[in-house]
Amino acid sequence: MGRLVVVSNRLADPRKASAGGLAVALADALNRTGGLWFGWSGNVIEGSTSSDGALHIQQAGKVTLAAMDLSRQDHDSYYLGFSNGVLWPVFHYRLDLAHFEAGYIGGYRRVNQLFARQLKTLLRPGDIIWVHDYHLIPLAAELRALGCQNRIGFFLHIPMPPQLIFAAIPQHAWLMKCFFDYDLVGFQTEADLLHFFRYAMAEAGAENPAPGCLKAYGRHLHAGAFPIGIDVDEFASLTHGREARDMYERMRQGYARRNLLLGVERLDYSKGLPQRIKAFRQLLLRYPENLGKTTLVQIASPSREVLGSYNGLLQELESLCGSINGDYGELDWMPVRYMHRSVARKRLPGLYRAARVALVTPLRDGMNLVAKEFIAAQDPADPGVLVLSRFAGAAAQLKEALLVNPYDVHGMADNIETALRMPLAERQQRHQKLLGRIREQDVHWWHERFLAALDNLH
Ligand code: GDG
């Protein structure tokens, strides 16, 4: 296989363990062979209308990082506008939250063209290019327009919506055509893959000459499901590190006589936070033996807050949590501990391990790595229980979790109660199976399988 070139919206230093799930996954692939990681620097240049495309290049061990700044205008239309104001909500089935502003698409195309132009100057003939996520769907088309003949793969981290939802995007036909400039497109689940095939065949007249292969616009495209995993060993070893043990001890002391329910995510409307808080209220109402005994700790780390749809969510959450604490709290017991801050990555495993039950209940999620991290951090002799939304991609693999419908707050409350009362033997059995599943399809399996599939195409 040639040199690996990863392109994603944001980059992270692959030598630092402080990065999040995706950064860790990509760093692992790049660290093995060495290679190039290309993306936006995270810097926004105020006052200039167009991005100058200047590259900041630095070496991080075996990996070369090449990052580009964006002008305010490009950032607002490409990143906030089309990527997170249109594609993110629509791909998570939230047409009601999409802002179909005509001006956004120009910035989205412009930034993809600029990425392509700058990346092209760094490419070598045998390089294998792996592009990530919804910000960069047209990147292969822009690279091809510049004469790039390298093999190019794409992985969609978020869900692929059904045909008619995708078709609500005014530029849906163009987006689909762009997918066909890749050689391989990967999705998280078989359900996402099916949605893609259905759209391509019904709306783009694609043929299906062989399993996993589509033909349209004069090109052959291969597509498959490649569920992303975590580095189970790395996460388990973090669990035994000083910071995680310290966090675990603090939580165990602080909640010695209480059951701890835990939610951890970026503050995002796809994660089902209000429904979860409502389910917790129902738990206290329907199963009053939890009063004074069960506490929900909810971490909602700040994310994309300049977008209006996120501000409403913050206020709703604060009001839901405040009213539970006001209605049920005692001087020595607060039912909900809500933190609008992030927890250091090295401390997270200690928090997971101290929890009796994890609530991972998104309304829609490509995969959800928190569910997998929670499993990896448990003590196999006394594991916590995972309550998981059936609408997270992870539910297709993690069948031994308690699967719930996040729209059904009463059903969720019943399942949380079942989780709290689950006997030790059943918790151990479920955990053992879940751990086996996340080990079998871990992050190494994920990138090896994707890259092997890309490398082996005829
Ligand atoms: C997208 C897709 C897909 C969260 N809070 C804190 C924190 N995190 C870390 C978690 C985990 C990562 O962020 C979140 O990953 P998820 O997979 O749960 O969700 P998204 O960010 O929406 O990611 C998703 C993923 O891409 C990968 O393909 O699974 O479906 O939406 O690693 O631990 N990390 C720290 N503090 C926090 O407070 N340090």
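A polar side-chain atom of His-157 lies 2.6 Å from an oxygen atom of the ligand, a polar contact being a pair of N or O atoms within 3.5 Å; within protein, one must be able to donate a hydrogen and the other to accept it, and residues adjacent in sequence count only if both atoms are side-chain atoms. The model is predicted: local features need pLDDT of at least 70, side-chain atom pairs count only at pLDDT 80 or more, and totals for chains, interfaces and linings use all residues. Residues are numbered from 1 along each chain as its sequence is written, and side-chain values use heavy atoms, with hydrogens and water left out.

**The ligand**

- Glu-373 also places a polar side-chain atom 2.6 Å from an oxygen atom of the ligand.
- At Met-367, a polar backbone atom is 2.8 Å from a ligand oxygen atom.
- The protein covers 88% of the 730 Å² of accessible area that the ligand has on its own (Shrake-Rupley method, 1.4 Å probe).
- Two or more residues of the shell come from each of E11, strand E12 (294-301), helix H12 (348-354) and H13; helices (H or I, at least four residues) and strands (E, at least two) are DSSP runs, numbered from the N terminus.
- H13 gives the most to this shell, with three residues.
- Around the ligand there are 23 residues, of which His-157, Val-343, Asp-365, Leu-369 and Glu-373 come nearest; a residue is near if one of its heavy atoms lies within 4 Å.
- The shell divides into eleven nonpolar, seven polar and five charged residues.

**The six-stranded sheet**

- An open sheet with parallel pairing has six strands in the order E13-E12-E11-E14-E15-E16; two strands pair if DSSP finds at least two bridges between them.
- Strand E13 (336-339) and strand E16 (402-404) are at the edges with a single partner strand each, so one side of each has no neighbour in the sheet.
- The twist averages 20 degrees from one strand to the next; axes are lines fitted to C-alpha atoms, for helices over the stretch in contact, and angles run from 0 to 180 degrees between N-to-C directions.
- E11 (residues 259-266) and E14 (residues 357-360) run parallel and are joined by two bridges, with Leu-261 opposite Val-357 in E14.
- Helix H13 (residues 369-377) lies across E11, E14 and strand E15 (385-389), at about 170 degrees to E15.

**The ten-stranded sheet**

- Another open sheet, with mixed pairing, has ten strands in the order E3-E4-E2-E1-E5-E6-E7-E10-E9-E8.
- Its edges are strand E3 (55-60) and strand E8 (207-210), each with a single partner strand, so one side of each is left without a neighbour.
- Four bridges join E1 (residues 4-10) to E5 (residues 128-132), which run parallel, and Leu-4 stands opposite Ile-128 in E5.

Technical notes. Contact means heavy atoms within 4.5 Å. Ala, Val, Leu, Ile, Met, Phe, Trp, Tyr, Cys and Pro count as nonpolar, Asp, Glu, Lys and Arg as charged, and the others, Gly among them, as polar.
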